[in-house]
Amino acid sequence: MKFNLLDWLNNNRFLDLKLLQWAVPLFLSVTAFVFEFIEHGLEDGFNFGLAFSSETIIFGLMGPIIIGFLIAWLRELVNAEKKAITEVQVLNRELERKVEERTSALEERNMELDQANHELQHLDQMKSEFVSLVSHELRSPLTTLNGGLELAMQNAENMPPLARRTLKAMMGESTRLTQLVQTILDVSRLEAGKLDINIGPVALRPLMEQAAEVILVPTGRPLDWKLSHDLPPVLADEIHLETIIRNLMRNAEKYSPSGTPIQLFACQEGDQVRISIIDHGPGVPKEHQKIIFERFERVNSGESTPSGWGLGLYFARKLILAQHGSIGVISPSWPDKNAPGSEFYLLIPVENSSEV
Ligand code: ADP
């Protein structure tokens with residue numbers, strides 16, 4: 001270890017520099033004077049001449065004064081270091097106190113956040129239970145209403161045109177409401193982790209054909225099928241996958257001008273199958289492409305915007321993620337400025353994929 005004179009002086013309790021500052025010069029002065037006295041007194045026969053005076057002044061006075069100043073300077077240095085050490089210690093203590101204060105404030109804040117989080121989770125659960133309860137309660141009267149309306153529709157030919165139109169409009173609205181209630185129920189069940197998801201091998205061709213049969217064929221819209229011949233089965237929940245595909249088909253139908261074709265595409269890409277539903281609608285602007293998968297997010301394009309609740313894609317995304325798949329949108333799909341279209345696609349693992 002390197003020797004540090006200041007440290008040594010600082011730590012040596014037996015060294016009193018204040019005393020040394022006076023004692024050492026005094027001792028040296030007395031010693032020099034006695035020495036000179038003896039030298040010149042005894043050896044030169046008490047001849048105290050110029051040599052005696054000059055040597056006494058140099059060795060007995062100036063030397064001790066210089067040494068006294070040196071010790072005083074050393075003492076100043078030691079005192080300055082002591083003061084600096086004390087200041088550092090005070091600063092250290094202050095710092096430790098501040099760190100302790102901040103740490104306990106952070107712990108307190110953490111506890112508050114934890115508590116708030118708990119309360120939010122509780123509220124969220126209460127909200128889900130409430131929504132689920134209300135939706136459940138709405139479902140039974142809606143089923144009765146739908147049944148009654150369907151019965152009435154069977155005799156619609158005998159009704160006056162106005163009553164028939166009103167009945168048709170009522171059926172449309174009632175179907176929309178039923179779909180909304182069902183979606184809300186499914187979303188709250190999925191969020192609460194109570195929606196059963198049974199994953200197994202699913203043949204895509206019949207599933208897509210069935211979905212198109214229900215959603216698109218009745219509208220008379222031209223369909224452009226592009227399913228590859230060697231489409232392997234995928235690993236998914238058949239019922240939920242069909243719900244998602246129906247949802248995307250319903251959107252393609254809803255958001256693209258009637259009469260324009262909708263392309264239905266499926267082919268294998270690595271260890272996944274890609275299903276695409278491509279329309280000739282107005283497309284989805286780039287800045288909206290991510291957020292339309294969030295709850296209640298819609299692209300508002302004025303009064304002509306078809307009605308909706310912004311829940312379909314949110315539910316579709318949650319549902320496909322629960323099946324280890326993914327969903328996305330690519331727009332524009334066509335080089336037509338007036339109808340750039342959009343492609344909503346699903347990626348689903350094939351049955352023998354090692355990823356799942
Ligand atoms: P909803 O259709 O009830 O509004 P969705 O969650 O299904 O709810 O869709 C969210 C939004 O995404 C829609 O409001 C619409 O703006 C946009 N969108 C969805 N599908 C299409 C599509 N095929 N073409 C253009 N926009 C679409």
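1. Contact is taken here to mean heavy atoms within 4.5 Å. The model is predicted: local features need pLDDT of at least 70, side-chain atom pairs count only at pLDDT 80 or more, and totals for chains, interfaces and linings use all residues. Residues are numbered from 1 along each chain as its sequence is written, and side-chain values use heavy atoms, with hydrogens and water left out.

2. Val329 lies in strand E6 (residues 326-330); helices (H or I, at least four residues) and strands (E, at least two) are DSSP runs numbered from the N terminus. With a relative accessible area of 10%, Val329 is buried, where buried means under 20% relative accessible area, exposed over 50% and partly exposed in between (1.4 Å probe, protein chains only). Residues up to four places away in sequence not being counted, Val329 touches Val284, Gln289, Ile292, Phe293, Ser342, Glu343, Phe344 and Tyr345. From Val329 to Leu241 the C-alpha separation is 17 Å, across 88 residues of sequence.

3. The axes of H6 (residues 238-255) and H7 (residues 312-321) come within 10 Å and cross at roughly 150°; axes are lines fitted to C-alpha atoms, for helices over the stretch in contact, and angles run from 0 to 180 degrees between N-to-C directions. The two helices are therefore roughly antiparallel to each other, the term used for angles over 145 degrees.

4. Helix H4 (residues 161-191) has 31 residues and reaches 45 Å from first C-alpha to last, close to the 45 Å expected at 1.5 Å a residue; the expected span is 1.5 Å times one less than the number of residues. Its buried residues include Leu167, Met171, Leu180, Asp186 and Leu190. The buried residues of H4 pack against helix H3 (50-154) and H7. Just after H4, Gly193 takes a positive phi of about 70°.

5. Pro232 is found in the loop between strand E2 (223-227) and strand E3 (234-236), and at 18% relative accessibility it counts as buried. Leaving aside neighbours within four places in sequence, Pro232 is in contact with Gln268, Val273 and Val350. Lys194 is 38 residues from Pro232 in sequence and 30 Å from it in space, C-alpha to C-alpha.

How values were computed
Angles under 35 degrees count as roughly parallel, over 145 as roughly antiparallel, 65 to 115 as roughly perpendicular and the rest as oblique.
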